[in-house]
Structures are given as C-alpha cells and as structure tokens.
Amino acid sequence: MKILLIEDEPELRKSIKQYLHQEGYLVESAADFIKASEKASDYDYDCVLVDITLPKGSGLDIIKQLKQNHSKAGIIIISARNSSGDKITGLDLGADDYLSKPFDLAELNSRVKAVIRRRNFDGNTSIVVNEITILPEQRIVKVNDDPVNLTAKEYDLLLFFITNKNRVVSKNAIAEHLWGDDSDQMDSHDFIYVHLRNLRKKLAEKGCNDYVQTIYGIGYNFKVNG
Amino acid sequence: MKLINKTIIYYLLISLPLLIMAGFCSYFLIRIELRDGADEALEKEKANAIQLIHSFTEARNVNLSFDSLSTIRVVAMGTGEVFTDTSIYDREEKEYVPYRFLKSHYSYNNNYYLITVSKTTIEEDELLEGIFFSFGIIIGLLVIAFFIVNWLLSKTLWKPFHKTLSELNTYDIKKHELHTFESATTREFNQLNSALNKMTEKIHSDFLQQKEFTENASHEMQTPLAIVKANLSLLMQSPNLKEEEMNQLQIMENTLKKLSALNKSLLLLTKIENNQFHEQANIHLNEAITKTLSNYADLIQAKNIQIETNFESKPVLEMDPALVDILLSNLFQNAIRHNKEGGKITVSIKDKQLCIANSGEPLTVNKEDLFVRFKKDDASKDSLGLGLSIVKSIVDLYGFEIHYDYSNSLHTFTIKF
C-alpha cells in the first residue's frame with residue numbers, strides 16, 4: 001500500500017510518516033506544491049494525504065490534478081483551516097475525507113484505512129482478526145461467524161481498536177473518534193469506559209478473547225499476537 | 001442648540017449694540033447739523049434786527065414776534081452773545097416746547113441794545129423719535145432676515161453636511177463594506193468628507209487586519225499543536241514506559257486537548273463575531289432540538305437525566321444551520337454538564353420563546369458574568385468557559401435575547417426570537 005503525504009511542516013511530516021510506516025504502508029512525502037504535483041502525476045498511490053495550505057500552491061489544485069488524471073487514490077485533506085468552506089470545496093472536488101489539525105495519528109490511521117478499503121474493494125471487504133470478522137459496509141461484527149449485536153458506539157469503538165491494533169490508543173483519541181468535536185465538552189472518559197465494558201461483555205458472551213489491554217493512565221491497546 | 005441658531009444669536013448679539021451705536025451717532029450728527037442750521041437762522045434774524053436798529057432814529061424797544069419771544073430791548077450796558085436752550089410751556093398745545101435763543105448785545109449811536117431771537121427746535125425731538133423708530137424697524141427686519149437666510153442656508157448650504165451625518169449614523173464597521181462619502185461643492189464639507197473617507201478606510205483595513213490576525217493566529221497554532229499531538233502518540237507507543245511516565249503523558253495529552261479545544265472555540269467566536277456564517281436556511285426549531293437531544297442521548301442516559309419537552313408552537317427561524325447546531329449543542333451541553341445525577345432538563349417552546357431549564361446547584365459566579373468569556377463556575381474545572389459566550393454571540397448576531405434565571409433549584413435559559 002502506497003501513500004503520498006503532502007505536508008509542509010517537517011516535524012509533522014516525520015511523525016505521520018513514522019506512524020503510517022509502522023502500520024506497514026509505504027509512505028512518500030512532498031513538502032511543497034511543485035514536489036507534490038510531480039509525485040502525484042508520476043506515481044500511483046492508494047491514498048493521498050494533502051494539506052491545503054502549501055508553499056507555492058494550494059492542496060486543492062493537487063486534488064484537481066489527481067481527479068483530472070483519473071487517479072484511483074483515496075484523498076484525505078489534512079488542514080489547519082477548520083473551515084466548512086474549505087471542507088465543502090475539497091469534498092466537492094472529490095476528496096474522500098477531511099481531517100482538521102490537530103488530529104490524532106490513530107484517527108488519521110483509521111481514516112486512511114477506511115478510505116483505502118472503500119477504494120480498493122468497492123466496500124466488499126471484511127476485516128478479520130482471529131475470531132472476529134467485521135463487515136464494514138454493513139456494520140456487522142461476527143465472532144466465530146456468530147453475529148454480535150452492538151450499538152453504534154460499541155461498533156465504532158471496536159473498529160477503531162482493530163484498525164489501530166497493537167497500538168496504544170489514548171482515551172482522548174477514542175473520545176474524539178466517537179464524539180467528534182463534542183468530546184471537548186464532556187467528561188468523555190467515563191463514557192468510553194461504559195461503552196468498553198459493554199463491548200467486552202458482548203464479545204465475551206460469544207466466546208471472544210479479551211484483546212483490550214488497559215494501559216495505565218493513557219488508554220488502551222488492542223493486542224493481537226502476530 | 002443648533003449651530004444655525006447659535007450663529008443667529010451671535011449675529012444679533014454683535015449687531016444690536018452696533019445698531020444702537022449707529023443710532024446714537026447718527027442722532028448726534030444730525031442734531032449738530034440741525035443746531036448749526038438753527039444757529040444760522042438765528043444769526044440771520046439777528047442781522048435783520050441789527051438792520052432794524054440801524055433804521056432807528058431814537059432808541060426804543062421792539063417786539064420782533066407776536067409772542068414777544070424775539071425782541072430788541074434797550075439796555076444800560078453789555079457785550080457778547082450767547083446761545084441758550086429753554087423749554088417754554090405752550091398753552092395751546094399744552095406741552096413744553098423746546099426753544100433756542102440767541103441773546104446778543106449790540107451798540108449803535110451810543111445806545112445799547114439786547115437782541116433776543118428765538119426758534120423752536122421741535123423738529124429735533126421728532127428727529128430723535130424718527131431715528132429710534134427707523135432703527136427699531138431695521139433691527140426687527142434684520143432678525144427676520146437672519147432667520148430666513150439661515151433657514152435657507154441650512155436647507156441648501158448645510159445639506160451635504162446633513163447627508164454625511166446621516167451616512168455616518170448608519171455606518172456599521174461589521175458590515176464589511178467600505179463606505180465612501182461623496183465630494184461636496186463646499187470646500188469645508190469636502191475636506192470633512194475626504195477626512196472621513198480616510199478615517200473609515202483606515203478603520204476598515206485595521207478591522208480586516210485584526211480579524212485576519214485572530215484567525216491566522218488560531219490557524220497558525222493548529223500546526224504546532226498537531227506536531228505535539230502526533231509526537232505524543234508516537235511516544236505512547238514506546239514499549240518501556242513506566243507508570244509515572246504514562247501518567248505524565250496523559251497529563252500532557254489532556255492539556256493539549258484542552259488547548260486545542262480552546263483554540264477552536266476562540267476561532268469559532270471570532271468567526272461568529274466577524275459575521276462569517278452567511279448561510280441562511282429555514283430551521284424548524286423543534287426538529288433541531290429533537291436532533292440535538294438525540295446526539296446527547298448517551299450523556300443524558302449516563303447521568304440518568306429525565307428530559308421533558310413541551311412544544312406549544314413550531315417556530316421557524318432563518319439562520320445558518322451550523323450556528324443553530326452550535327447554539328443548541330452548547331446550551332444542552334451546559335444543561336447536561338451542570339446537572340446532577342438523576343436530574344432533569346425541561347425544554348419548552350411557547351410563541352417565540354425557547355426555555356431550557358436544568359436542575360443543579362446554584363451558581364458560584366455572578367449571574368451577570370455568566371456570558372463573559374472565561375468566567376466559569378468553580379465546580380467545572382474541565383469547562384473552557386467559552387460555551388455560553390459562544391451562545392451569547394450567536395444570539396446577538398441574530399438580534400435575539402437571552403436571559404438566565406435560577407429558581408426552585410432550576411437553571412433556566414430563555415431565548416426570545
């Protein structure tokens with residue numbers, strides 16, 4: 001899987017690259033518009049992460065260029081401008097998702113995976129982790145082929161864990177993933193605990209192992225060996 | 001007081017003493033001229049009397065006039081001549097009549113005569129009256145003329161000024177339009193207008209700059225925040241973290257989250273206050289409330305809060321949908337956050353009024369400070385203290401009214417549309 005990361009801030013570029021690399025992606029990066037434009041036209045990518053405000057140009061033009069070249073890459077805008085105007089323009093141009101800075105790397109990872117999944121398999125895919133099977137398009141979870149009846153939040157939580165498996169995911173990252181901007185305003189950590197408790201219970205009822213490790217203080221790790 | 005009335009008063013204050021002085025001057029000048037004329041006439045009569053004396057064969061007394069005011073008398077001795085003014089009672093007219101006399105000694109053929117000639121100076125009094133009368137009329141006419149002229153001036157000359165004034169009154173910096181004041185034909189007004197143009201241009205550009213600054217500052221902060229956040233995430237993956245280190249990471253992450261929430265809220269406030277939400281849609285308030293409540297079903301359930309809704313009317317508001325979301329979210333978040341376990345929230349809509357009431361402990365801050373930025377209840381450490389400021393700025397933007405009240409252990413926010 002190949003990803004093009006277009007971001008002018010070197011430190012941010014480095015850490016995104018590192019995180020995605022650990023996820024097994026091949027990450028190419030570009031720091032300005034010209035480099036980005038070159039790379040976008042010379043190679044095929046599965047996903048392009050593009051910042052809108054770039055030196056020497058706009059990330060929106062990169063999206064236009066990709067679309068003109070009939071690129072199959074999924075496009076995610078990562079922007080510091082949390083403006084609904086930019087978001088609408090970007091999505092209208094054909095971007096798949098919009099993530100405003102500052103974002104959590106686990107969140108970025110889950111968005112990248114979702115985009116690639118939709119692009120590559122036209123949605124007809126399943127995520128399999130040992131005895132757990134998730135059909136993302138239908139939002140169905142099965143344990144040993146036995147469907148588990150999860151609430152929307154429990155489903156989102158499980159998928160988030162699995163997309164970031166073997167990684168420490170902070171409670172804040174989970175809260176932001178589940179409640180978006182509203183997570184700023186509430187005592188979300190308690191709610192995560194409630195949802196997680198229910199999720200664990202429901203999975204255990206179907207004979208599923210408990211993969212969720214509590215990492216003291218910070219959050220959780222969905223640990224799957226191998 | 002109107003400038004025009006002030007000028008009239010000043011004109012009058014200056015012209016009245018001037019006119020009075022002019023009146024006195026002309027009175028005295030004319031009187032001198034008249035007296036000279038009278039004296040000349042008296043001299044002529046004296047000359048006639050002297051001629052008469054020259055025709056005398058012997059010295060005798062003569063009455064020159066029938067009322068014996070002008071006489072030639074033979075006297076023992078005497079020289080010189082003197083003019084005198086006297087009032088004499090006129091029996092027919094029944095009033096004192098002013099007379100001017102010339103008494104002159106004259107000797108002829110060793111006889112001494114006293115020639116007395118007289119003349120009424122009644123014209124002089126009438127003249128004085130005439131002068132005062134005519135000056136009175138002049139002053140009256142002047143006052144009337146001032147009023148008329150000034151009225152006309154204010155209608156025509158001052159017209160550009162009044163136009164500028166009314167334009168200034170309607171000028172609103174927040175409308176983001178640069179107003180230009182048209183040039184006038186009067187130099188002073190032209191100068192005023194060009195000065196105003198310069199000033200509004202400066203204000204406008206400063207306003208834009210400031211707006212841009214707040215926006216840019218908030219945006220610029222997002223990237224460093226993103227870098228710290230990303231690196232914290234990476235650091236968290238480190239396999240050999242001790243418990244204490246993880247605690248520290250947690251503190252940093254929480255603080256970072258707060259910081260970025262703060263930044264987002266400030267940016268939102270700036271955007272609302274800078275009028276950057278332009279979309280207009282018909283919002284069915286009842287539906288919007290139901291939707292918002294369902295978004296918070298989790299939170300409401302977790303705190304065991306009872307929701308009571310009482311929608312008596314169905315107001316439709318013309319607002320930006322994003323702002324409606326933000327408004328209602330903030331109000332309900334507030335009602336949930338400051339609620340107690342097993343408390344309640346009542347939402348009622350009546351006519352053009354929305355009431356959201358929640359159970360909870362009384363405020364520790366002043367009621368008046370509730371909508372002020374960063375003023376928050378001591379109990380809510382996690383709160384940014386911006387939620388209600390955002391609510392207020394949205395309410396203000398649309399010209400609604402919001403009131404807070406606490407009674408019967410219920411915090412009530414009332415919005416009038």
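Is A:Asp146 buried, partly exposed or exposed, and what is its relative accessible area? In this predicted model, in which local features need pLDDT of at least 70, side-chain atom pairs count only at pLDDT 80 or more, and totals for chains, interfaces and linings use all residues, A:Asp146 is partly exposed, with a relative accessible area of 34%. Residues are numbered from 1 along each chain as its sequence is written, chains are lettered from A and ligands numbered from 1 in the order in which they are written, and side-chain values use heavy atoms, with hydrogens and water left out.

A:Asp146 takes part in a salt bridge with A:Lys206, in which the closest N and O atoms are 3.7 Å apart; the term stands for a side-chain nitrogen of Lys or Arg within 4 Å of a carboxyl oxygen of Asp or Glu. This pair links distant parts of the chain, 60 residues apart, with A:Lys206 in the loop between α8 and β13 (212-215) of chain A and A:Asp146 in strand β11 (residues 146-148) of chain A. Helices (H or I, at least four residues) and strands (E, at least two) are DSSP runs, numbered from the N terminus. A:Lys206 is likewise partly exposed, at 30% relative accessibility.

Over all chains, the structure holds 23 salt bridges. In chain B, the side chains of B:Asp85 and B:Arg100 meet in one of these, at 3.0 Å from N to O. B:Asp85 lies in strand β3 (residues 81-90) of chain B and B:Arg100 in strand β4 (residues 95-108) of chain B, so the pair ties together parts that are 15 residues apart in sequence. The two partners fall in separate accessibility classes, B:Asp85 being partly exposed with a relative accessible area of 45%, whereas B:Arg100 counts as buried at 7%. A further salt bridge is formed by B:Lys367 with B:Asp405, the closest N and O atoms being 3.7 Å apart. Here B:Lys367 lies in the loop between β10 (353-359) and α9 (387-397) of chain B, and B:Asp405 in strand β11 (residues 401-407) of chain B, so that parts 38 residues apart in sequence are tied together. Both residues are partly exposed, B:Lys367 with a relative accessible area of 42% and B:Asp405 at 39%. Salt bridges that share partners also join B:Arg35, B:Asp39, B:Asp85 and B:Arg100 into one network.

At the interface, 38 residues of chain A are in contact (heavy atoms within 4.5 Å) with 33 residues of chain B. The two chains bury about 3,600 Å² between them, 53% of it on carbon and sulfur atoms, where buried area is the accessible area (1.4 Å probe) that two parts lose on being put together, summed over both. The rule finds 1 salt bridge across this interface, in which the side chains of B:Lys229 and A:Glu176 meet at 2.9 Å, N to O. It also finds 8 residue pairs in polar contact, both residues being at pLDDT 80 or more. A polar contact is a pair of N or O atoms within 3.5 Å; within protein, one must be able to donate a hydrogen and the other to accept it, and residues adjacent in sequence count only if both atoms are side-chain atoms. The elements that give two or more residues to the side of chain A that touches chain B are α1 (10-22), β12 (168-170), α7 (171-179) and α8 (188-205) of chain A, and α1(A) gives the most, with 5 residues.

Strand β12 of chain A includes A:Ser170, which is buried, with a relative accessible area of 2%. Not counting residues up to four places away in sequence, A:Ser170 touches A:Asp104, A:Ile218, A:Gly219, B:Met236 and B:Glu253. A polar atom of the A:Ser170 side chain also lies 3.1 Å from the backbone nitrogen of A:Ala173.

In helix α3 (residues 59-68) of chain A, the buried residues are A:Gly59, A:Leu60, A:Ile62, A:Ile63, A:Gln65 and A:Leu66. The N-terminal end of α3(A) is capped by A:Ser58, a side-chain oxygen of which lies 3.0 Å from the backbone nitrogen of A:Leu60, and the helix is followed by A:His70, whose phi is positive, near 55°.

Conventions. Buried < 20%, exposed > 50% of the residue type's maximum accessible area, 1.4 Å probe, protein only.
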